[in-house]
Amino acid sequence: MPDISKLSIKSARIALQKKEFSARELTGASLDAIKEKDSGLHAFLEVFDDVLEQADETDKKIANGENLPLLGIPIAIKDNMLVESKHATAGSKILEGFVAPYDGTAVKKLKASGAIIIGRTNMDEFAMGSSTESSAYGVTKNPHDLSRVPGGSSGGSAVAVAAGLVLGALGSDTGGSIRQPAAFCGVVGLKPTYGRVSRSGLIALASSLDQIGPFAKTVNDAEILYEVLEGRDSLDSTTISEQTYSSRSKFSKVIGVPRAFVESEGIDENVGNNFREVVEKFKSLGYEVRDIELPHIKYSLATYYIIMPAEASSNLARFDGVKYGLHKDGKNVIEDYFKTRGEGFGKEVRRRIILGTYVLSSGYYDEYYGSALKMKGLITEELNEAFEKIDLILTPTTPTPAFKLGEKTSDPLSMYLADIFTVPANIAGLPSISIPSGLAGTLPLGVELTAGLGREDNLFTAGKEFLGE
Amino acid sequence: MDKEKVLNLAKLARVELRDEEAESLSHEFEVILDYVGEVKKVDKLDKFNKEESSLRNVMREDGEPHKSGLYTKKIQEQAPAREGDYIKVKKIL
């Protein structure tokens with residue numbers, strides 16, 4: 001039986017092709033790890049009942065000499081992506097019992113590349129949160145300290161990889177929901193350029209910001225998953241092609257640090273110290289690290305918490321108790337809506353829908369939503385200009401290590417501030433990766449690299465050099 | 001923002017809300033709106049041309065996205081109430 005905790009996608013693929021172990025054995029190792037550890041962690045909402053059948057099919061393919069990038073690799077899926085004939089709830093009671101009628105494009109691509117889809121992972125309800133505590137199906141715990149959160153909203157996927165339950169996982173990132181839990185759990189998390197990965201079959205949070213991306217143990221593994229996932233899709237008109245951002249400037253190893261932003265208040269001392277060590281390490285690897293001025297980047301989080309709830313309030317209007325999911329009966333049609341949505345949506349979702357309704361309402365639209373759109377444009381322009389002189393922007397991924405369960409649940413603004421360093425990449429659509437950078441005691445820390453539009457290649461190059469891959 | 005305003009917004013959003021939740025939300029919204037309201041105060045904002053930066057819709061040509069009826073049965077099965085091939089709702093008029 002292979003030791004899944006010691007394998008990467010790359011090493012597992014080599015071993016599978018050499019027949020050192022079978023796909024059934026590797027899948028069995030994943031199921032055993034879940035059985036042993038997941039009752040304490042709760043990364044998974046469901047482990048699919050057909051995984052061993054998938055593995056047997058895979059072994060036939062391997063025996064026939066097939067070689068696909070993910071053939072036989074156990075992968076977990078965040079519960080907001082559709083897997084045909086399986087439940088998908090987005091962590092919400094309002095979708096309890098919903099069965100996906102088709103595969104989302106990202107899932108379809110994983111299957112076509114031979115991945116074994118192990119199950120669906122826990123998440124903040126509708127991806128609204130930074131701790132996975134707003135899930136309607138219980139909290140997920142950080143494998144490095146069970147009294148702490150794994151981050152969110154893709155907390156289950158981060159834990160599934162960090163605890164060695166699977167070799168890779170999918171998450172979605174609207175304001176940091178891949179990178180922040182990756183940092184809290186000590187794994188690699190990538191948010192590609194906006195439009196790089198099709199979102200067909202992803203339950204939408206904020207459509208101008210949402211992007212699907214991978215969790216993995218190594219940058220190389222994240223790159224393998226990225227190459228499977230990326231590409232134009234006729235089912236998502238926002239997807240981009242290789243030609244969309246065509247300027248291919250040379251990678252000259254210049255990193256910019258937005259010093260004033262990084263040294264703003266609220267940064268944990270361990271995070272600050274670790275960040276200085278990271279800067280020195282990049283210098284020792286031959287990178288030029290220079291301070292840069294991004295005067296408006298500090299407004300990214302405020303901008304985000306106007307645009308995201310506005311779009312969410314519109315996107316979530318589709319949950320009405322008529323077409324699918326939960327239905328609560330009232331006296332008439334409109335009362336059905338009120339009851340279904342009042343009981344089906346959790347507290348954070350109600351909070352954001354109402355906030356979004358406010359910033360879009362007549363009289364406040366220009367003041368909030370209009371201003372936020374202008375600010376989004378200003379920040380985007382500022383960042384795109386910065387990338388004419390530098391290759392990468394470096395910041396910590398999070399201002400603190402993983403916080404305690406329950407610590408921020410009664411103070412929404414303090415929870416929102418956990419996304420301070422991850423949000424700018426979503427505002428400007430930029431690709432961004434979190435890579436493990438050290439420890440604060442037993443808790444992992446992450447550092448975030450952000451590249452210009454379409455330049456995931458620069459993230460992979462620098463990330464691999466940093467981790468010595 | 002007061003409790004009544006929150007209840008009115010919840011009405012617009014078709015979300016049933018208890019009085020005490022509306023009360024606590026009104027206090028939370030004060031704090032959140034105070035924070036996000038920072039974006040309004042930036043001088044440079046007025047000079048920024050919203051039209052140039054705003055996202056645009058991408059439309060596809062009309063046509064068959066997939067074979068007609070391919071998903072009909074599976075989608076119908078998800079509806080909480082049905083009558084034959086119709087999704088059932090309460091009387092509107």
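**Figure 1. Phe126(A) in the loop between strand 3 and helix 5 of chain A**. In this predicted model, Phe126(A) has a phi near 50°, a positive value in a residue other than glycine.

**Figure 1. Phe126(A) sits in the loop between strand 3 and helix 5 of chain A**. The model shown is predicted. Phi of Phe126(A) is positive, near 50°, in a residue other than glycine.

**Figure 2. Ala90(A) is placed in the loop between strand 2 (74-78) and helix 4 (105-112) of chain A**. Ala90(A) is a residue other than glycine with a positive phi, near 55°. With 29 C-beta neighbours inside 10 Å, Ala90(A) counts as buried.

**Figure 3. The sheet of chain A is open and has 11 strands**. The strand order is 1-3-2-4-6-5-10-11-9-7-8, and the pairing is mixed. Strand 1 (44-47) and strand 8 (288-291) of chain A are the edge strands, each pairing on one side only. From one strand to the next the twist averages 30°. Strands of a sheet pair through backbone hydrogen bonds, in either a parallel or an antiparallel sense.

**Figure 4. Strand 4 of chain A pairs with strand 2 of chain A and with strand 6 of chain A.** The pairing of strand 2 and strand 4 of chain A is parallel, over 3 bridges. Gly168(A), in strand 4 of chain A, is the bridge partner of Ile75(A). The pairing of strand 4 and strand 6 of chain A is antiparallel, over 6 bridges. Pro214(A), in strand 6 of chain A, is the bridge partner of Leu170(A).

**Figure 5. Strand 4 of chain A is mostly covered, with 6 of its 6 residues buried**. In a regular strand the side chains alternate between the two faces of the sheet. Gly168(A), Leu170(A) and Ser172(A) point one way from strand 4 of chain A, while Ala169(A), Gly171(A) and Asp173(A) point the other way. The residues of both sets are buried.

**Figure 6. Helix 1 (residues 9-17) of chain A has Ile9(A), Ala12(A), Arg13(A) and Leu16(A) among its buried residues**. These residues cover an arc of only 100° around the axis, which puts them on the same side of helix 1 of chain A. An α-helix has 3.6 residues a turn, so residues three or four places apart point the same way. The cover over the buried residues of helix 1 of chain A includes helix 2 (23-41), helix 3 (51-63), strand 4 (168-173), strand 6 (211-216) and helix 7 (219-229) of chain A. Lys19(A), with a positive phi near 60°, follows helix 1 of chain A.

**Figure 7. Leu31(A) belongs to helix 2 of chain A**. Leu31(A) counts as partly exposed because it has 19 C-beta neighbours inside 10 Å. Leaving out residues up to four places away in sequence, Leu31(A) touches Val47(A) and Val51(A). Leu31(A) and Val166(A) are 135 residues apart along the chain, and their C-alpha atoms are separated by 8.8 Å.

**Figure 8. Helix 9 (residues 269-284) of chain A has a span that agrees with expectation**. At 1.5 Å a residue, its 16 residues should span 22 Å, and the end C-alpha atoms are 23 Å apart. The buried residues of helix 9 of chain A are Val271(A), Asn274(A), Phe275(A), Val278(A) and Phe282(A). Seen down the helix axis, they fall within an arc of 105°, so they line one face of helix 9 of chain A. The face turned away from this buried side carries the exposed residues Glu269(A), Arg276(A), Glu280(A), Lys283(A) and Ser284(A). Gly286(A), which follows helix 9 of chain A, has a positive phi near 95°.

**Figure 9. Chain B touches chain A through 40 residues, in contact with 47 residues of chain A**. Helix 1 (3-12), helix 2 (19-36), helix 3 (50-53) and helix 4 (72-76) of chain B are the elements that give two or more residues to the chain B side. Helix 2 of chain B supplies the largest share, 7 residues. By class, the chain B side has 27 nonpolar, 3 polar and 10 charged residues.

Notes. Residues are numbered from 1 along each chain as its sequence is written. Chains are lettered from A and ligands numbered from 1 in the order in which they are written. This is a predicted model: local features need pLDDT of at least 70, side-chain atom pairs count only at pLDDT 80 or more; totals for chains, interfaces and linings use all residues. Helices (H or I, at least four residues) and strands (E, at least two) are DSSP runs, numbered from the N terminus. The expected span of a helix is 1.5 Å times one less than its number of residues. A residue is buried if 20 or more other C-beta atoms lie within 10 Å of its own, exposed if 12 or fewer, and partly exposed in between; C-beta atoms are placed from the backbone. The arc is that of the directions from the helix axis to the C-beta atoms. Two residues are in contact if their C-beta atoms, placed from the backbone, lie within 7 Å. Ala, Val, Leu, Ile, Met, Phe, Trp, Tyr, Cys and Pro count as nonpolar, Asp, Glu, Lys and Arg as charged, and the others, Gly among them, as polar. Two strands pair if DSSP finds at least two bridges between them. Axes are lines fitted to C-alpha atoms, for helices over the stretch in contact, and angles run from 0 to 180 degrees between N-to-C directions.
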